[in-house]
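Welcome! Have a look at the sequence and the structure before you start.

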Amino acid sequence: MPVPLISAQSLEKTYVSGGQRITALGSLSFTLSKGESLSLVGRSGSGKSTLLNILCGLQSVDRGELQVLGHRFPGSQSEDTESLWARLRRQRLGVVFQDANLMPALTLLESIQLRCHLAGTPSDQAPGWLEKLGIGELGNRYPDQVSGGQRQRAAIAMVFAMNPEVILADEPTGSLDKHTADAVADLLLGMQKERGCALVLATHDLALAERCDQLIDLGSAG
Ligand SMILES: Nc1ncnc2c1ncn2[C@@H]1O[C@H](COP(=O)(O)OP(=O)(O)O)[C@@H](O)[C@H]1O
Ligand SMILES: [Mg+2]
């Protein structure tokens, strides 16, 4: 059996805030294989963002075992853990947030070129990625000169341009109206299948979540 890209065993995360303990993740286990998609649903506060942050190394777990792209966390790797996560995020793990994915001082095209440069993928393909996402004519605009839907298309172009093995997307259509959200979601899932990369997608949209290969309801997990 192939080794999964992500394997999570009994992950637990508790925050302490104002003297209160808040369990963000109870005891969560799952695996994600190459090319597979997994959706995370659950009410606001059910731990979706916490889990995505853990999967890309922006937060750590209290208990449990996590393997991502062949690395075990917590682990005994020789490379410093922070630098290892930073390298994975630069080259192999693409992250898309609800908004604020783009650098305000760079045009959409420059953002994608920078992403390619960091990931070591060909930056001359950057205009092609904008075309694929339907915003080929907007490359010279800055993020504040385009709509929210266009910004999310650029964010998705940027993440695919790095040719990642796994994409982690935290409510990438959450700030968009229904029509635009559906169009952006179609592009994200369509490109994911076409490129064969794995996807973990947090969303409030149950219809979108059900299009993924696996669904975890964090509202009822743990
Ligand atoms: N940095 C933090 N400090 C304290 N509590 C937090 C922190 N981040 C998240 N939480 C709490 O953890 C729970 C899960 O939050 P989150 O992962 O953001 O959920 P979701 O993305 O599903 O809305 C919530 O109760 C939230 O208030
Ligand atoms: Mg969230």
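**Exercise 1.** Is K193 buried, partly exposed or exposed?

*Solution.* A word on the basis: this is a predicted model, where local features need pLDDT of at least 70 and side-chain atom pairs count only at pLDDT 80 or more, while totals for chains, interfaces and linings use all residues. Residues are numbered from 1 along each chain as its sequence is written, chains are lettered from A and ligands numbered from 1 in the order in which they are written, and side-chain values use heavy atoms, with hydrogens and water left out.

Step 1: Recall the classes: buried means under 20% relative accessible area, exposed over 50%, and partly exposed in between (1.4 Å probe, protein chains only).
Step 2: K193 has a relative accessible area of 48%, so K193 is partly exposed.

**Exercise 2.** Find the residue with which K193 forms a salt bridge.

*Solution.* Step 1: Look for a side-chain nitrogen of Lys or Arg within 4 Å of a carboxyl oxygen of Asp or Glu.
Step 1: The partner is D213, with the closest N and O atoms 3.8 Å apart.
Step 2: Helices (H or I, at least four residues) and strands (E, at least two) are DSSP runs, numbered from the N terminus.
Step 3: D213 is partly exposed, at 45%.

**Exercise 3.** Work out how D182 and K178 are placed in helix 6.

*Solution.* Step 1: These residues are four apart, so about one helical turn separates them.
Step 1: An α-helix has 3.6 residues a turn, so residues three or four places apart point the same way.
Step 2: The side chains of D182 and K178 meet in a salt bridge of 2.9 Å, N to O.
Step 3: K178 is exposed at 58%, whereas D182 is partly exposed at 30%.

**Exercise 4.** Decide how enclosed helix 5 is.

*Solution.* Step 1: Helix 5 covers residues 148–161, 14 residues in total.
Step 1: Eleven of those 14 are buried, so helix 5 is largely enclosed by the rest of the structure. Among them are G149, I156 and F160.
Step 2: The cover includes strand 6 (93–96), helix 3 and helix 4 (126–132).
Step 3: After helix 5 comes N163, whose phi is positive, near 55 degrees.

**Exercise 5.** Locate R92 and its salt-bridge partner.

*Solution.* Step 1: R92 pairs with E165, the closest N and O atoms being 2.7 Å apart.
Step 1: This pair links distant parts of the chain, 73 residues apart.

Methods:
Expected span 1.5 Å × (residues − 1). Contact = heavy atoms within 4.5 Å.
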